[in-house]
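Subject: Structure handover

Dear colleague,

Here is the structure we spoke about, with notes on what was found in it. Please keep it open while you read.

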Amino acid sequence: MSLKRSNIKVPLVASIVTLIAIAILVKLGFWQLDRAHQKQQLFADFAQARNLQARPLAQRLSSTTQLTRFELVSITGRFDTQRYFLIDNQMVDGHPGYHVIALLKSQQLSERLPVNLGWIKAPRSRTEIPTVELPQQELTLEGLVRIPQANQFISQVFEEQQTAWPKRVQEFIPPTISEYTGIELKPYELLLVSPQLKGFRQQWKPQVMEPAKHQAYAVQWFSLAIACLVVYLVVLYKLNKTKQEETP
């Protein structure tokens with residue numbers, strides 16, 4: 001039995017709700033595609049930066065253009081061997097560890113420059129803080145500029161009643177660290193590229209969701225929108241079919 005078009009009834013409220021739901025799902029799908037595009041650009045910028053020649057940081061700071069993310073720069077100085085930071089909960093190959101942030105003192109800068117030296121494995125005991133031996137001699141470093149973004153899910157950066165060095169932190173946001181410790185810091189950090197320091201593992205890449213996952217989420221949202229439309233049409237068909245069968 002086919003439906004007579006002139007007798008088809010469309011429930012207004014259900015139709016409006018369905019259209020709103022489909023619009024939201026489609027919008028979420030396109031949002032995920034936009035995020036995927038942004039992440040693709042982020043990974044492209046990172047890959048390109050690794051192949052460029054490092055520029056002196058002092059020279060870049062004196063120019064009119066701002067530092068860009070993952071820009072490769074060089075700087076000469078000495079590490080503060082007494083004060084450094086351990087970023088907690090850093091997993092590599094299933095092993096817990098820390099990223100070590102050292103503070104570089106340079107005659108070219110008025111503030112300390114945070115330098116991420118890489119990953120070290122954590123001791124078995126949580127109460128044990130690893131000791132890191134930092135180079136004492138003057139070094140010329142090359143590194144990628146990274147501007148850390150605060151994690152909204154982290155409410156407490158420092159552990160309570162932590163007075164000794166090194167300091168274990170949940171994230172390293174230079175302005176927050178500077179306010180807490182009183183140490184003047186640059187508002188960014190360097191991901192150390194060279195020299196390769198013994199004992200540190202460096203696997204630098206953007207710490208974000210990969211584009212493929214955003215694309216997969218987009219497919220899910222679009223699929224839900226299609227499913228919502230199909231369910232609506234099936235229910236609408238059955239509802240009108242039943243009413244026409246009941247009509248003499």
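In which sense do strand 3 and strand 4 pair, and over how many bridges? They pair in the antiparallel sense, over eight bridges, and strand 4 covers residues 113-121. Within strand 4, Val115 is the bridge partner of Ala102.

Before the rest, the basis. This is a predicted model, in which local features need pLDDT of at least 70 and side-chain atom pairs count only at pLDDT 80 or more, while totals for chains, interfaces and linings use all residues. Residues are numbered from 1 along each chain as its sequence is written, and side-chain values use heavy atoms, with hydrogens and water left out. Helices (DSSP runs of H or I, at least four residues) and strands (DSSP runs of E, at least two) are numbered from the N terminus. Strands pair if DSSP finds at least two bridges between them.

Strands

Strand 2 (residues 72-92) also pairs with strand 3 in the antiparallel sense, over nine bridges. Gln90 stands opposite Gly97 of strand 3. The two strands form a hairpin with two residues between them, and Asp93 in the turn has a positive phi of about 55 degrees. Strand 3 (residues 95-105) is largely enclosed by the rest of the structure, because eight of its 11 residues are buried. Buried means under 20% relative accessible area, exposed over 50%, and partly exposed in between (1.4 Å probe, protein chains only).

Salt bridges

A salt bridge here is a side-chain nitrogen of Lys or Arg within 4 Å of a carboxyl oxygen of Asp or Glu. By this rule the count is six. Three of them:

- Arg126 and Asp88, with the closest N and O atoms 2.4 Å apart. Arg126 lies in the loop between strand 4 and strand 5 (139-146) and Asp88 in strand 2, so the pair ties together parts 38 residues apart in sequence. Asp88 is buried at 3% relative accessibility, whereas Arg126 is partly exposed at 44%.
- Asp93 and Arg201, at 2.7 Å from N to O. This pair links distant parts of the chain, 108 residues apart: Asp93 is in the loop between strand 2 and strand 3, and Arg201 in the loop between strand 7 (189-194) and helix 4 (211-246). Asp93 is exposed at 56% relative accessibility, and Arg201 partly exposed at 34%.
- Lys186 and Glu111, at 3.1 Å from N to O. Lys186 is in the loop between helix 3 (174-181) and strand 7, and Glu111 in the loop between strand 3 and strand 4, 75 residues apart. Lys186 is buried at 13% relative accessibility.

Nonpolar cores

A nonpolar core is a set of buried Ala, Val, Leu, Ile, Met, Phe, Trp, Tyr and Cys residues joined through side-chain atoms within 4.5 Å. The largest has 27 residues, and Phe79, Leu113, Val115 and Leu117 have the most contacts inside it. Strands 2, 3, 4, 5 and 7 each give two or more residues to this core, and strand 2 gives the most, with five. Contact means heavy atoms within 4.5 Å. Not counting residues up to four places away in sequence, Leu117 touches several residues, including Phe79, Val100, Ala102 and Trp204. Apart from this core lies another, of 10 residues, among them Leu42, Phe70, Leu72 and Leu191.

Helix 1

Thr18 is found in helix 1, which runs over residues 12-50. Thr18 is buried at 13% relative accessibility, and touches Cys228 and Tyr232, not counting residues up to four places away in sequence.

Regards
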